[in-house]
Amino acid sequence: MATLARMPADRLEAGWQALADRPGYEMLRRPEIGMVMVRGRSGGTGPQFNLGEMTVTRCVVQLDSGTLGYGYVAGRDRRHAELAALFDAMLQEPASSDAILRAVIAPAAASLADAARDTREKAAATKVRFFTMVRGE
């Protein structure tokens, strides 16, 4: 689900269009936009505090087989939430889960991991290392 929520909507759309047999579905909860409170912790382990609000879009679909899929994505992209819900439902179906994992999820997860690694490397390159010189006596 994290990969579906973080991958670009155009890549999800391309994955959906590339499917040979797209399942029929109905929307139980049309994509709707709302706000959630983001919470943080001081130092990562300290007391919780409210960091601020964030826009989220959610959607619930039901495949013709009866399987439910849920999609929650950051931002206001209704189609992204719908596609995330569809792929979530299809990943629960034994007949389609392996193909979806190989064709859509694995390449997207690898791409997201590469982007995160690049960001870490760029941040590490700007790290300042302080040291103290000791005068001899």
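Biologist: At what angle do helix 3 and helix 4 pack, and how far apart are their axes?

Modeller: In this predicted model, helix 3 and helix 4 (residues 94–125) pack at about 130 degrees, and their axes are 6 Å apart.

Biologist: What makes helix 3 oblique to helix 4?

Modeller: Antiparallel would need an angle over 145, and roughly perpendicular covers 65 to 115. The pair sits at about 130 degrees, so helix 3 counts as oblique to helix 4.

Biologist: Which residues meet there?

Modeller: From helix 3 you get Phe-87, Met-90, Leu-91 and Gln-92; helix 4 brings Pro-94, Ser-96, Ser-97, Ile-100, Leu-101, Val-104 and Ile-105. By class, that's eight nonpolar, three polar and no charged.

Biologist: OK, and why are helix 2 and helix 3 called oblique?

Modeller: Their axes come within 10 Å and cross at roughly 50 degrees. Roughly parallel means under 35 degrees, and roughly perpendicular starts at 65, so helix 2 and helix 3 are oblique to each other. The crossing is left-handed.

Biologist: What makes up the contact of helix 2 with helix 3, by class?

Modeller: Eight nonpolar, two polar and two charged residues. Among them are Leu-12, Glu-13 and Trp-16 of helix 2, plus Arg-79, Leu-83 and Phe-87 of helix 3.

Biologist: Now Asp-21, in the loop between helix 2 and strand 1 (25–41). How do you know whether Asp-21 is buried or exposed?

Modeller: Exposed means over 50% relative accessibility. Asp-21 has 62%, so Asp-21 counts as exposed.

Biologist: How far apart are the C-alpha atoms of Asp-21 and Ser-96?

Modeller: They're separated by 9.8 Å, with the two residues 75 apart along the chain. Ser-96 also turned up in helix 4's contact with helix 3.

Note on methods:
Residues numbered from 1 in each chain as written. Predicted model: local features only at pLDDT ≥ 70, side-chain atom pairs only at ≥ 80, totals over all residues. Heavy atoms only, no water. Helix = DSSP H or I, 4+ residues; strand = E, 2+ residues; numbered from the N terminus. Buried < 20%, exposed > 50% of the residue type's maximum accessible area, 1.4 Å probe, protein only. Axes fitted to C-alpha atoms, helices over the stretch in contact; angles between N-to-C directions. Left-handed = near helix turned anticlockwise from the far one by under 90°. Contact = heavy atoms within 4.5 Å. Nonpolar A, V, L, I, M, F, W, Y, C, P; charged D, E, K, R; others polar.
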